[in-house]
Amino acid sequence: MFAAAFAALIETDPDLKIANLAAIDINQRQPDDRTPIIKVENPGRPFKPELVAPKDLPRRRNLGEAENRAALLHAFAHIEFNAINLALDALYRFREMPARYYADWLQIAREEAYHFSLLREHLNTLGFDYGDFPAHNSLWEMAVKTDGDVMARMALVPRILEARGLDAVPPIRQKLFNIGDLRACKILDIILQDEIGHVRMGNYWYHWCCTQRSLDPINTFVALLRDYEAPVFRGTLNHIARQEAGFTSEEMELIESLKS
């Protein structure tokens, strides 16, 4: 299983990556596998999109223009493609976790692949494809930072970076609804519902790690945010979605406080 997850992780062709992912069988996991765990600075991805700093991405406000709308959908597709690699890395990298952990992250990887495929298909109807617009690499940069500790990974990738989607999707969906792109709205509805489940799994495994190490989850979370230089939160929290995803009121108050 670990070898199959790694093969999917480093595959550069999106279609082959998804095919490799579909073939992974968690029943083939060997808990005593001692093969080296390789640091993956750059996971498998196609030659395009060009990766740039977030500040260098152009702002596209008028979603009524097809190219601007395609650029927005491309940004979502890039997030989902990165999320496939993040889930595969979580599956491949951390070898000492319970069987449920691997079932969870394989499910997440497959759902992220489904989201990517939906967005790519819709992009194609607009005359564009994945790779046609520049993108940034912030999600994977945090994956590299946390590749030595499953607790840090669970704390900072699902609970901070991926949870941003719970906040960002509803207002963007409304904008797409306003211009009549009902197909995009339906896709975002699917993504939001699935992402609540993904963040819930990240929350579960973060708290599981804290329990195993006899650590207070709030104090530990604060320390991890500082030690790993997690990005400062901006925007408005989707309290309902985050509560469904397993965040406590205390945790949401903490995240809100990060804005200051």
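**Basis.** I worked from a predicted model, taking local features only at pLDDT of at least 70 and side-chain atom pairs only at pLDDT 80 or more, while totals for chains, interfaces and linings use all residues. Residues are numbered from 1 along each chain as its sequence is written, and side-chain values use heavy atoms, with hydrogens and water left out.

**Helix α6.** I looked up α6, residues 150-162, where helices are DSSP runs (H or I, at least four residues) numbered from the N terminus. I found 13 of its 13 residues buried (under 20% relative accessible area, 1.4 Å probe, protein chains only). At the start of α6, I noted a side-chain oxygen of Asp149 within 3.0 Å of the backbone nitrogen of Met151.

**α6 and α7.** I then checked α7, residues 164-178, whose axis comes within 5 Å of that of α6 and crosses it at roughly 20° (axes are lines fitted to C-alpha atoms over the stretch in contact, angles run from 0 to 180 degrees between N-to-C directions). Ile160, Leu161 and Glu162 in α6 meet Arg164, Gly165 and Leu166 in α7.

**His198.** I located His198 in helix α8, residues 182-212. I count His198 as buried because its relative accessibility is 3%. Its side chain makes polar contacts (N or O atoms within 3.5 Å, one able to donate a hydrogen and the other to accept it) with the side chains of Glu111 at 2.6 Å and Glu112 at 3.1 Å.

Definitions and conventions: Helices (H or I, at least four residues) and strands (E, at least two) are DSSP runs, numbered from the N terminus. Contact means heavy atoms within 4.5 Å. Buried means under 20% relative accessible area, exposed over 50%, partly exposed in between (1.4 Å probe, protein chains only).
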